[in-house]
Amino acid sequence: MSIVLTLRRTPPGRISLSGVTPDRLAAIGLAEIENIGLAWGEERLPLGEFFTVGGEPGANLIFEGMDRHFCDLGGGMTSGRCEVHGDAGDFLGRDMRGGQLLVRGSGGNFVASGMAGGEVHIEGDAGDHLGAALPWLAGGMRGGRVFVAGSVGARCGDKLRRGEVFVGGDAGPFCAARMVAGTIAIAGRLGEHAGYGMRRGTLFALAEAFAAPSAFGETALCADAYLRLVWRDWLGRFNADSAFSRFARAAGQGRGLRRWMGDMGSDGRGEVIGLGR
Amino acid sequence: MRLNNVLIDDTFAEAFGMKATRVIVTARNATWARNAGIAATGFATSVIACGCEAAIERVLPPEETPDGRPGVALLLFAVSTKELTKQLERRIGQCVLTCPTTAAYAGLREGEALPLGKTLRYFGDGFQISKLIDGRRYWRVPVMDGEFLCEESTAMVKAVGGGNFLILAENPDAALAAAEAAVAVMREVAGVIMPFPGGVVRSGSKVGSKYKALPASTNDAYCPALRGRVASALGPGEDCVLEIVIDGLTSEQVARATAVGIRAACAVPGVRRISAGNYGGKLGQFHFHLRKLLEEST
């Protein structure tokens, strides 16, 4: 059973969908859903003004015909499944703690900021600051997993504290900058200054040789048991023809990898694992 | 009751509640996994003086280990959570962390968490790395051959220790052959270990001693050298007795191992009688009645 919210009117500006989550909506009736107030600046506008509410109350929530005017989509979600047809705006999956969020379009900036659990899947691209810390917070994403099939903008995983980010396409500049912990895997090209100020955590660079900055030192890569767990996890998680599965198979069969640690200007315990130039 | 003309005493083995855990140790090849397993479970025959009872439960092929390398499953039993925690940390820290190419993983999922990498990680002196993979936390500790990977914790369950049976035979050759045959089939039972050397113990004990300092002393009633001198439990022609002690994660596993072990022992020529050790049934919470086990196992 799914609740279906179909966009019927594009809002005049950016409107927050924080709290419009499957776990919350499952407990209330359709009429009540229409009256949920959506934050637009200082005002609160009823959800029914922008969406037609249909379907049956249940653990699934479907948004139809979405565009980027709506931010905080899936914000605070704790369980259930939310599917978005169209694009999602900024702050997608903000402070999410559980459940699954699937976007059949692209996401905006600050996807998964403050996320602590659950999974976000984006079939298109994502903007800047994916999993990164909000400007007024010390840390970024704290748990959960984010999968982006396309590319991501700048500062992906900036100050990431925990959790995993998988990007099927390219990453913009400053990927994994100031990263505190967690894992980021980029299947495409890495932008400039990857790992800048990195303290801890792991960045997998799959597609091309990693140009190690001077503040990174190359170490021996002797993490056989750990990498076996990673490859096994990837092979179980991704389709056989995905870049991650192909990389895991190749690595498992002895493809040469290299490892760097840095950023020495910071804590210096971050690692980048990938192909060397 | 007789099995292959071997008398099965109408008695029971008395076993005790214990705390147990399983750890999976892998290495680059089976030799090094086994080396680590043997070291980690060394000097662990009896809780009386070793702190815990431990052994390699079974050898694991690569397809059965978390990282796809050859491994061994270790079982450790102790009388308390505190002692098991201490023994686990010492044994994995001194015998697995130190062994080339090894990694250590939780072998049980359900139960109270026992620290594994959680405490051993400090060996990394700040260079240890924590990674969360598929919801489970691991520690990567840099060591001279690369890194020691260790899962954050394993689980502890309530278990059974001290299951046993006695093989009474005409001579040492028959007793040894029967004990070896029994241990070989008992090792096929999951969740049990026979912690004594080769799975067999010759020094069965009774509670107490004439010497105040000793909590246990030789079971004189089963010593053939004392037959005729003490109130012996041995009959004519019963000139050698060997005991097999069994620890298991569940009483069902101990019962199954006991039954298959007795059947194997009874198939060896020269075995006269099968008995079991107990304390009158007042000390241990688990009673394994030999005849009942054998009847149920058919």
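Mentor: A residue counts as buried if 20 or more other C-beta atoms lie within 10 Å of its own. Please keep in mind that this is a predicted model.

Trainee: Is A:Thr21 buried or exposed, then?
Mentor: A:Thr21 is buried, because 22 other C-beta atoms lie within 10 Å.

Trainee: Where does A:Thr21 sit in chain A?
Mentor: A:Thr21 belongs to the loop that lies between strand E2 (15-16) and helix H1 (22-25) of chain A.

Trainee: And which residues does A:Thr21 touch, not counting residues up to four places away in sequence?
Mentor: A:Thr21 touches A:Leu61, A:Gly74, A:Gly76, A:Met77 and A:Cys82.

Trainee: How many helices and strands are there in chain A?
Mentor: Chain A has four helices and 17 strands. Its radius of gyration is 20 Å, close to the 19 Å from the globule rule for 277 residues, so chain A is as compact as a globular protein of that length.

Trainee: What share of chain A counts as buried?
Mentor: Of its 277 residues, 51% count as buried.

Trainee: Changing topic, which residues of H5(B) are buried?
Mentor: They are B:Ala174, B:Ala175, B:Ala178, B:Ala179, B:Ala182, B:Val183 and B:Met186. These residues cover an arc of only 160° around the axis, so they lie on the same side of H5(B).

Trainee: What covers the buried residues of H5(B)?
Mentor: The cover includes helix H6 (251-266) and strand E11 (153-169) of chain B, as well as strands E12 (192-193), E15 (240-248) and E16 (271-275) of that chain.

Note on methods: Residues numbered from 1 in each chain as written. Chains lettered and ligands numbered in written order. Predicted model: local features only at pLDDT ≥ 70, side-chain atom pairs only at ≥ 80, totals over all residues. Helix = DSSP H or I, 4+ residues; strand = E, 2+ residues; numbered from the N terminus. Rg over C-alpha atoms; globule rule 2.2 N^0.38 Å. Buried ≥ 20, exposed ≤ 12 C-beta atoms within 10 Å, placed from the backbone. Arc of directions from axis to C-beta. Contact = placed C-beta atoms within 7 Å.
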